Every structure is written in structure tokens, then in C-alpha cells.
Amino acid sequence: MTPQTVTPHLVVSDAVAALAFYKQALGAAETVRMPAEDGKRLMHAEIQIDGARIFLVDHFPEYSCGNDTDPVKPPTLLGGTPITIHLEVPDCDAAIARAKTAGATVTQEPWDAFWGARYARIVDPFGHSWSFSHLLPTAG
């Protein structure tokens, strides 16, 4: 098995709640949880979605080099995110419905895209953008 060489590292304002959301909405499996000394935040967590690793951490402003110019902040503090994490799923419509039920905001309803996929997007309650798709059967 080839090791995963690029791993998204999500910064959130409530990592414990984010872990619960990702389990419910995305079927994530939690593999690591390292609580911070304050007993409330997480210094590090890891989930797997279909075998892909994603790191997760609470925002720690006290570790931002003593200033407010550190760009590593949760999307909720930045006012959005320019990144979308994409998941290939067996059923895009079902994935969107599951995420919506768990508390996500649907930003693009499922549609048959011109590139041959059923595609949709959400924003999770922590400000991260996710897209979902499955390939459409070819006509023939």
C-alpha cells in the first residue's frame, strides 16, 4: 500500500463537536484523539474517510507567535475558505442528504454536471467546504 503523502489538516473552533459531525455526516472513523492540557480542546485528532487520513485540531490563538497575523485560523474566523475537500461517493444525493441531516448547509444541490458526474457541495458547521460526486452511467 502506498502511504498517503498529502493530508488535509483542518483547524476548527470545536474539534470535539467536529469529530462527532464528521462521523455522523461523512461516516468518518476516528483513529486518534489527543486532548490539550486544558481538557477542553484537542491538540490533534485524526479521522479516516474511506481510508484517507484527515487531521483535525482546535484553534490555539495562544500559539500564534504572539500576534494576530497568523493566517492559520478556522474558516469561521476567516469569513470563509478557498478550499473544498472532495469526496468520491457511491451516491451523491444520499451523501448530501446525510450531511444535511447532520447539520451541514447545502451550497450546491446535486446536479448532473457536464463532465459526467453527479455533483454537489456543502459547508460544514465549522466552515469547511466539501464536495461530493459519483460518475454518471454513460449513455450507449
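Author: Let us begin with a term: two strands pair if DSSP finds at least two bridges between them. Please keep in mind as we go that this is a predicted model.

Reader: How many bridges join strand E3 and strand E4, and in which sense do they pair?

Author: Strand E3 covers residues 42-49 and strand E4 covers residues 52-58, and the two pair in the antiparallel sense. The number of bridges over which E3 and E4 pair is five.

Reader: Which strands stand at the edges of the open sheet?

Author: The open sheet has four strands in the order E1-E4-E3-E2, and its pairing is mixed. A strand with a single partner has one side left without a neighbour in the sheet, so the strands at the edges are E1 (9-12) and E2 (29-35).

Reader: At about what angle to E3 does helix H1 run?

Author: Helix H1 is made of residues 15-26, and it lies across E1, E2, E3 and E4. Its direction can be set against that of E3, and the angle is about 5°.

Reader: Is His44 buried or exposed?

Author: His44 lies in strand E3, and, leaving aside its neighbours within four places in sequence, it is in contact with Val32, Arg33, Met34, Phe55 and Leu56. The cut-off for a buried residue is under 20% relative accessible area. His44 has a relative accessible area of 17%, and therefore it counts as buried.

Reader: And is Asp50 buried or exposed?

Author: Asp50 is found in the loop between E3 and E4, and its phi is near 50°, a positive value in a residue other than glycine. A residue counts as exposed over 50% relative accessible area. Because the relative accessibility of Asp50 is 72%, this residue is exposed.

Reader: Which element gives the largest share of the largest nonpolar core?

Author: The largest nonpolar core has 31 residues, and those with the most contacts inside it include Tyr22, Ile49 and Trp130. Among the elements that give two or more residues to this core are E1, E3, helix H3 (92-102) and E8. The largest share, seven residues, comes from H1.

Reader: Why are the buried residues of H3 said to be on the same side, and what arc do they cover?

Author: The buried residues of H3 are Cys92, Ala95, Ile96, Ala99 and Ala102. They are on the same side of H3 because the arc they cover around the axis is only 125°.

Reader: Which exposed residues are carried by the face of H3 turned away from its buried side?

Author: The buried residues of H3 pack against H1, E6, E7 and E8. The face turned away from that buried side carries the exposed residues Lys100 and Thr101.

Reader: How many of the seven residues of strand E7 are buried?

Author: Strand E7 is joined to strand E6 (residues 105-112) by five bridges and to strand E8 (residues 129-135) by seven bridges, and it runs antiparallel to E8. In E7, Tyr119 is the bridge partner of Trp111, while Ile122 stands opposite Trp130 in E8. Strand E7 is largely enclosed by the rest of the structure, because the number of its buried residues is five.

Notes
Residues numbered from 1 in each chain as written. Predicted model: local features only at pLDDT ≥ 70, side-chain atom pairs only at ≥ 80, totals over all residues. Heavy atoms only, no water. Buried < 20%, exposed > 50% of the residue type's maximum accessible area, 1.4 Å probe, protein only. Contact = heavy atoms within 4.5 Å. Axes fitted to C-alpha atoms, helices over the stretch in contact; angles between N-to-C directions. Core = buried A, V, L, I, M, F, W, Y, C linked by side-chain atoms within 4.5 Å. Arc of directions from axis to C-beta.
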